[in-house]
Amino acid sequence: EQPEAPSPVAAPMRDLPWGQLNFMQTTDTHGWHAGHLQEAQYSADWGDYISFAERMREKADGLGADVLLIDTGDRIEGNGLYDSTTPKGKYLYDIVKEQDIDVICTGNHELYQTDAADREYDATVPNFKGNYLASNLDYIKPKTGEQVPMAQRYRKFTTKNQGIRIVAFGFLFDFTGNANNTVVQPVEKTIKEKWFQDAIREDVDLFVVIGHVTLNGPEYKAIFKAIRSQKWDTPIQFFGGHSHIRNYAKYDSKAYGLQAGRYMETIGWMSIDGISGKGKKGDPKELASMSFKRRYIDNNLFGYYYHTGLNETTFSTEHGKNVSKQIHAARKAENLDELYGCAPKDLWLNRAPYPSNDSLVTWLETEVIPVIAVKEDRKDVPRLALTNTGAMRFDIFKGAFTRDTTYIVSPFVSKFLYIKEVPYKSAKQVLKIINSGGDVFAFSDLEASSLAPPEQIAIKSATIAPSTPNQNSYQAGSQSPLMSSSSTPDLIPGYTTKDAAGDDGDDTLHAPISFYPIPNVVQSAIAMPAEGDPEKVDLVFIDFIKPWVLLALRFAGQIYGEQDVETYTEETMTERMVDWIRENWKQDC
Ligand SMILES: Nc1ccn([C@@H]2O[C@H](COP(=O)(O)O)[C@@H](O)[C@H]2O)c(=O)n1
């Protein structure tokens, strides 16, 4: 772990179930490869994860079992380690490549910006040659304009110890927001292609479908149906991503899916037993009693010690330690701990109701945007300024707000745009139309709900936890074996996942935390007349939501097009937010 990371947390634990074939999954790491430096529960870094994987593989070799590593994309955007450098990801690609990942694919974040997609093709694909799969993704070469597969479409391999024959695929959901140097082919179309139809007819022991795809979305349903149409009985293991949650799905008695959360908080663990290996047909009795089991491992060193049976002296491998050093050197070189201001209290993205004094969204709407959404030559013009809440990615904790925190909270390079002098009676309807996300968007490709943070895709209503101990009351110490909850009153707050297999998935017992839904967009009314309504306003909005704003305006009776949209600020919202923090928060925490 990084020297500045808080000590791990004592908590009751559940053991990992082992099978013949075991998987460890990361997804949506978003550059958090240094781990969480303000949360002890998730404080292990990518170097520790490398040590963990190496130790678990040693253990597997001893048991004659196999361990495969999976990563399902969105490795970038969302942390200073990636976003603060020029070019972005100056150190990240070399850090990520140190992990020995068996099957890896692309997320939507690797494709938003042209240069990020170029780097994916030029660095990550060759770094994981043979293991990087792009079943429905093409890349357009900048020099020749040639459209080529981003990486190989699928992979056939046999596991080391059990000799399990696997065909693996790597998908991306039907994403449409990619820059124009990549082509995402809809999954429904891809599964009709000859190569896919041939691959699902292969004689194998297991299909592994990884993807930056939600487990319960239409894409995996279609792939499951396609495989089952040819192989009614072959086990299928799916790995998902994108919605940032811990999740597990059952498709049938031999087909399951796992999704390992977000931001290096979770390492997903999946074990399969009763599978036929070494090309054997398998004992029908054994096959009938196949078992699939899952765990969500909190990413911290004490959990890693617990699961490996090792300790501070014996756990870390030289390789893991070197990668932790590499991360530390990168963070220092980029001055990621530079203080921008001291947050006076915790501001929660989803863990406080909206609106409320503890809501990060309320803070943005009422304190920050009214000051930063300004264009000097139109500063007195009444305006409505809109931003999507998904532009904010993480909570702000009381205390130091650093260069690193900036990108953790707001990694995007979006700027403010505006449409001049929109009739107020129409402009004021835009917020409501986008937030209700109703019929207006039903006939377009524009999902209004995708403007909120991804966690909300899966969780629709508030979960209010009984009062829990303060998060800052973490105690350092060693983790103890699982005990009944009545004998462990001091659980620390964290994930208490309920999924398709029940409520015993988390490796660490936590006290529950609350979750509150937030709107898709929020609006600040600025420089409005002291009395009455203005006739016209400037409609200012963050560039990411332009298509939604134009459609909502149309519904509100105003036809505007691209030609009517102008630049409002040259700086990004993130840059202006940092200026606000420097000016408004103390420098002495
Ligand atoms: N320029 C951008 C890009 C994305 N967003 C928000 O992020 C969501 C996607 O996040 P995932 O981690 O799930 O891929 C997207 O739906 C937007 O809400 C943004 O605000 N600005």
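The following legends describe close-up views of a predicted model.

Residue numbers start from 1 along each chain as its sequence is written.

Figure 1. Eight residues of domain 1 are in contact with eight residues of domain 2, two residues being in contact if their C-beta atoms, placed from the backbone, lie within 7 Å. On the side of domain 1 that touches domain 2, six residues are polar, two are charged and none is nonpolar. In this classification, Ala, Val, Leu, Ile, Met, Phe, Trp, Tyr, Cys and Pro are nonpolar, Asp, Glu, Lys and Arg are charged, and the others, Gly among them, are polar.

**Figure 2. The shell around the ligand.** The ligand is surrounded by 15 residues, of which Gly390, Ala391, Phe412, Pro454 and Phe544 are the closest; a residue is near the ligand if its C-beta atom, placed from the backbone, lies within 6 Å of it. By class, the shell comprises six nonpolar, seven polar and two charged residues. Domain 1 and domain 2 both give residues to this shell, so the ligand lies between them.

**Figure 3. The nonpolar cores.** A nonpolar core is a set of buried Ala, Val, Leu, Ile, Met, Phe, Trp, Tyr and Cys residues joined through C-beta atoms within 7 Å. A residue is buried if 20 or more other C-beta atoms lie within 10 Å of its own, exposed if 12 or fewer, and partly exposed in between, with C-beta atoms placed from the backbone. The largest core has 105 residues, and Leu133, Ala168 and Val209 have the most contacts inside it. Helix 1 (residues 46-63) gives the most to this core, with seven residues; helices (H or I, at least four residues) and strands (E, at least two) are DSSP runs numbered from the N terminus. Beyond its neighbours within four places in sequence, Ala168 is in contact with Val103, Leu133, Tyr154, Arg155, Val208 and Ile210.

**Figure 4. Helix 17 and its surroundings.** Within helix 17 (residues 546-555), the residues Trp548, Val549, Leu550, Ala552 and Leu553 are buried. The elements covering these buried residues include strand 17 (383-388), strand 22 (536-542), helix 13 (424-427), helix 14 (430-436) and helix 15 (439-442). Gly557, which follows helix 17, has a positive phi near 95 degrees.

Figure 5. Most residues other than glycine have a negative phi, and most peptide bonds are trans. A cis peptide bond with omega of about -10 degrees joins Thr86 and Pro87, and Pro87 is placed in the loop between helix 2 (80-83) and helix 3 (92-96). Tyr354 and Pro355 are likewise joined by a cis peptide bond, with omega of about -5 degrees; the loop containing Pro355 runs between strand 16 (339-343) and helix 11 (360-372). Asp28, a residue other than glycine, has a positive phi near 50 degrees and lies in the loop between strand 2 (21-26) and helix 1. Asp28 counts as buried because it has 28 C-beta neighbours inside 10 Å. Met264 has a positive phi of about 60 degrees and is part of the loop between strand 13 (255-260) and strand 14 (266-273). With 26 other C-beta atoms within 10 Å, Met264 is buried.

Figure 6. Met150 occupies the loop between strand 6 (147-149) and strand 7 (154-158) and is buried, with 28 other C-beta atoms within 10 Å. Not counting residues up to four places away in sequence, Met150 touches Thr106, Tyr121, Val125, Ala134, Leu137, Asp138, Tyr139 and Thr182. Thr114, in helix 4 (residues 114-127), is partly exposed, with 15 other C-beta atoms within 10 Å. Leaving aside neighbours within four places in sequence, Thr114 is in contact with Ala179 and Asn181.

Technical notes:
Predicted model: local features only at pLDDT ≥ 70, side-chain atom pairs only at ≥ 80, totals over all residues. Domains from an automatic or database assignment.
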